[in-house]
Amino acid sequence: MSRLQSALASEWPLQIVGTINANHALLAKRAGFKAIYLSGGGVAAGSLGVPDLGITNLEDVLIDVRRITDVCDLPLLVDADTGFGPSAFNIGRTVRSLIKNGAAGMHIEDQIGAKRCGHRPNKEVVTKAEMVDRIKAAVDARTDSSFMIMARTDALAIEGINATLDRAHAYLEAGADAIFPEAIADLATYKHFSSKLDAPILANITEFGLTPLYSVEELGRSGVSMVLYPLSAFRSMNKAAEKTFESIRKNGTQSEVVDEMQTREELYDRINYYDYERALDEFNSKED
């Protein structure tokens, strides 16, 4: 059983929260989440300051994966976009690298290489056969059988529900462990997907997109197995940062926003600063 499947067994539907960096991973664990996520859009916007339009590469993602898995043992699901390359060799390298760096699973999608946000217009998808080849390449490259390979499909907005379900069945037959149907607009469609597919279904509950902010209870009743909140904390963090910068610039001091900040004591507690400090003191006392 994979680490993500173990988390699913302990919580259904499984809430998976986006963690933009290692600090957020620790905060998510502290809040009680059993699985975390690294968004490709988050890597692009947060680590590189660029749009999520196929600009980032595998190493950009691996840097953030390593930083998270080095300090947090929660199973990490990673957005692998279209596999970071046009060939089976590229996709295989992506899978092996993610496993080597501690990820518990990934999702790979059926958009074209120059992909777009799943909640934006004018998306394009590759043929079903090409996506099946992507999944087969990922499965064949898997060096750890517990690593979850999830197939994301963006075909609903382009080809309709029947063709998207046909794709999902083909993706599962190719070896995918779960299905991520992107940009679903109503609970009835989730329920239809779950009734037709014998596999876990992930719902992407991203803010300001095409999917309403359904509760975990509503999604569970509709057959959804995993509920993803990819960038919720990131959006809150960015809004708070903007407010802080504007206040300091305007007022010449941070006094008006300091009450909204995480305190030094809180930060040190969240990153286990005091444990490190005690270890340093013990080491120095031995040296003396």
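**Cavity lining and a helix pair in a predicted model**

In this predicted model, strand 2 (35–38) and helix 11 (232–251) each supply at least two residues of the lining of the largest cavity.

Student: How much space lies in the largest cavity?

Tutor: The count comes to one cavity of 30 Å³ or more. Its lining includes Tyr37, Leu38, Ala233 and Phe234. The space in the largest cavity is about 50 Å³.

Student: How many charged residues does the lining of the largest cavity have?

Tutor: Gly18, Thr19, Ile20 and His24 are among the lining residues, as are Pro230 and Leu231. By class, seven of the lining residues are nonpolar and five are polar. The number of charged residues is none.

Student: At what angle do helix 8 and helix 9 pack?

Tutor: Two packed helices are described by the angle between their axes and the distance between the axes. For helix 8 (residues 161–173) and helix 9 (residues 187–196), the axes are 11 Å apart. Helix 8 passes helix 9 in a right-handed crossing. The angle is about 40 degrees.

Student: Which residues in helix 9 meet helix 8?

Tutor: From helix 8, the contact draws on Ile161, Thr164, Leu165 and His169. The residues of this contact divide into three nonpolar, four polar and one charged. Those in helix 9 are Thr189, His192, Phe193 and Lys196.

Methods:
Residues numbered from 1 in each chain as written. Predicted model: local features only at pLDDT ≥ 70, side-chain atom pairs only at ≥ 80, totals over all residues. Heavy atoms only, no water. Axes fitted to C-alpha atoms, helices over the stretch in contact; angles between N-to-C directions. Helix = DSSP H or I, 4+ residues; strand = E, 2+ residues; numbered from the N terminus. Left-handed = near helix turned anticlockwise from the far one by under 90°. Contact = heavy atoms within 4.5 Å. Nonpolar A, V, L, I, M, F, W, Y, C, P; charged D, E, K, R; others polar. 1 Å grid on protein atoms, 1.4 Å probe; cavity = no way out; pocket = protein on both sides within 12 Å on 5 of 7 lines; lining within 4 Å. Points joined across faces, edges and corners; volume = space filled by probe spheres on them.
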